[in-house]
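Here is a short note to read beside the model. Take the points in order, and find each residue on screen as you go.

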Amino acid sequence: MENDDDGKLSSLEQLFRRAIEQKGNTPKQCLASDRLNHGLQVSDDSLTVTHSLSGANVAGDASLQTQWPLSLTCGVGYYEVVVHHCGVIVVGLANQGYPNVKQPGSKKHSCGYKSDDGQRFINNGEGTSYGPTYTSGDVVGCGFCSRTRDVWFTKNGEHLGVAFKFPTPDIVIDHIFPTVGVEHASVSVNFELKSMKWSPQEVIAEERAMALEKVRTMELPTKDKTADIVASYLLHYGYHDTLKKVMEINPTDTKLLLRRNDGERQEECQIKSSKLVERNTVIQKIMNGDIVGVMEYIEKVFPGLKWDVWPSLLSQLIVEHIKNDTLEEAINVTARTECNTASGEPHPLISEVLGLLAYNDPRSSPLAYLLDQSQRRRVADHVNSVILSSLQFHPESILESLLKHIMVMPILAKECFYPISLT
């Protein structure tokens, strides 16, 4: 399950990768039939395991883990075991790759609840008193809460109380696997909530409410960062007039942070930095529709950016001519070599806006959105990003990155821990 490249990725990248790998392909939980010990047999649906009931030529412990880690909903995981034939059974949890010749609870990184004496085992073979014994026909459940690390067991729908904290808190949560030890026994595992004897829904609701309450009562830093984030956004996109008003209301600092292009460091930048003021001039000219003026200005002030921004500016120049009904001028623009790609084909941006010429009334055509003020904004944002990148600043504002994180976290929360549906 682990990838050799994991160590080279940041934790956030690993979460994104995990979410992408699992998106639309949620695995169905089952027993890992590829890790069978001698004497073990697994049913075709990989939900029932049997250890030699005759006992002939088979001795010693045997255990089997599930294919995937314990599924967590709001940090709570639960599964049940239906006992068909009881020799000796241990229901529990263990870390990934737990030896299949050991019962859960008999070695480090594992815990379990044993059938013949009702004892609990954790990290070694020394048991302590816990609950009632169980046998054929009983249903035994095992639950886990990631916040408290509590492990508990149930028997025939009755909660038996917290047995212990899951051992070794350094284990990554998605490395905890349902693990069942069987000796001359046959059991089935169940992960479907609707057919369980005991429901974890109440515990899940409590954990969800606790998490929401923690968010609700969390205090923000003494210094409110909201105004700085908003001001940073305004600076990033060149809204200098609005920025001045904000700074009048909240005159905390005349320096604002723009993200460095390395994605990690941040560097202070004076609002009246000459390059940023020149960048603002570029944005204003685009928003006013003065594309010829902005192209002349860029050649003078940012000459190295010409080939990065010319296609979008020329496409907008064609749009401006169409808006002014100077169609011949629009067609003349397409004759410029900068409108073509290296292979000589028209640039995709140019091809898109030329579609306007196919309509007698472009303003009522499906491409009419290209004539809106919002199109100027899109072009201005693109040019702005190119300029910021050339100044070694990140092309995306802090506020935008923050909003993307907020939007993606609920997705990751649902998908990053191999979600197996409990409904």
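1. Start with Leu234, which has its place in helix H3. This is a predicted model, so treat every value below as computed from a prediction. Is Leu234 buried or exposed? Leu234 is buried, because its relative accessible area is 9% and the cut-off for buried is under 20%. Now look for Lys244. Leu234 and Lys244 are 10 residues apart along the chain, and their C-alpha atoms are separated by 9.6 Å.

2. Next, take the helix itself and its partner. Two packed helices are described by the angle between their axes and the distance between the axes. Helix H3 covers residues 226-236 and helix H4 covers residues 240-249. They pack at an angle of about 155°, and their axes are 8 Å apart. How do the two helices run? H3 is roughly antiparallel to H4, because an angle over 145 degrees counts that way. The crossing of H3 past H4 is left-handed.

3. Now the sheet of seven strands. It is open, and its order is S1-S2-S13-S4-S9-S10-S11. The pairing is antiparallel. Which strands sit at the edges? They are strand S1 (40-42) and strand S11 (158-165), and each of them pairs on one side only. Neighbouring strands in this sheet are turned by 20° against each other on average, with direction ignored.

4. Strand S2 takes in residues 48-51, and three bridges join S1 to S2. The two strands run antiparallel. Find Leu40, then look across to S2: His51 stands opposite.

5. There is also an open sheet of six strands. Read its order as S3-S12-S5-S6-S7-S8. Here, too, the pairing is antiparallel. The edge strands are strand S3 (63-65) and S8, each pairing on one side only. Inside this sheet, how many bridges join strand S5 to strand S12? There are eight, between S5 (residues 88-95) and S12 (residues 176-183), and the strands run antiparallel.

6. Follow S6 into S7. Strand S7 spans residues 119-122, and three bridges hold it to S6 in the antiparallel sense. Gly112 stands opposite Phe121 in S7. The hairpin of S6 and S7 has four residues between the strands. In that hairpin, Gly118 takes a positive phi near 70°.

7. Go on from S7 to S8. These strands pair over two bridges, again antiparallel. Gln119 has Ser129 in S8 as its bridge partner. Five residues lie between the strands of this hairpin. Which residue takes a positive phi here? That residue is Asn123, with phi near 70°.

8. Turn to the aromatic rings. The structure holds nine aromatic pairs. One of them is Tyr113 with Tyr134: the ring centres are 5.0 Å apart and the planes stand at 55°, so this pair is tilted. Tyr113 lies in strand S6 (residues 110-114), while Tyr134 lies in the loop between strand S8 (128-129) and strand S9 (139-145). The pair therefore ties together parts that are 21 residues apart in sequence. Both Tyr113 and Tyr134 are buried.

9. Compare the tryptophan pair. The rings of Trp152 and Trp198 have centres 6.2 Å apart and planes at 70°. Why is this pair called edge-to-face? The angle of 70° decides it, because planes over 60 degrees apart count as edge-to-face. Trp152 is in strand S10 (residues 150-155), and Trp198 is in the loop between strand S13 (186-190) and helix H2 (201-217). The pair links distant parts of the chain, 46 residues apart. Trp152 and Trp198 are both buried.

10. Tyr113, Tyr130, Tyr134, Phe153 and Phe164 form one aromatic cluster. Elsewhere, Lys306 lies over the face of Trp307, at 5.4 Å from the ring centre.

11. Finish at Glu329, in helix H8 (residues 327-333). Glu329 is partly exposed, with a relative accessible area of 41%. Its C-alpha atom is separated by 9.4 Å from that of Leu317, which is 12 residues away along the chain.

How values were computed
Residues numbered from 1 in each chain as written. Predicted model: local features only at pLDDT ≥ 70, side-chain atom pairs only at ≥ 80, totals over all residues. Heavy atoms only, no water. Pairing = 2+ DSSP bridges. Axes fitted to C-alpha atoms, helices over the stretch in contact; angles between N-to-C directions. Phe/Tyr/Trp six-rings, centres within 6.5 Å; stacked < 30°, edge-to-face > 60°. Buried < 20%, exposed > 50% of the residue type's maximum accessible area, 1.4 Å probe, protein only. Lys NZ or Arg CZ within 6 Å of the ring centre and 35° of its normal. Parallel < 35°, antiparallel > 145°, perpendicular 65-115°, else oblique. Left-handed = near helix turned anticlockwise from the far one by under 90°.
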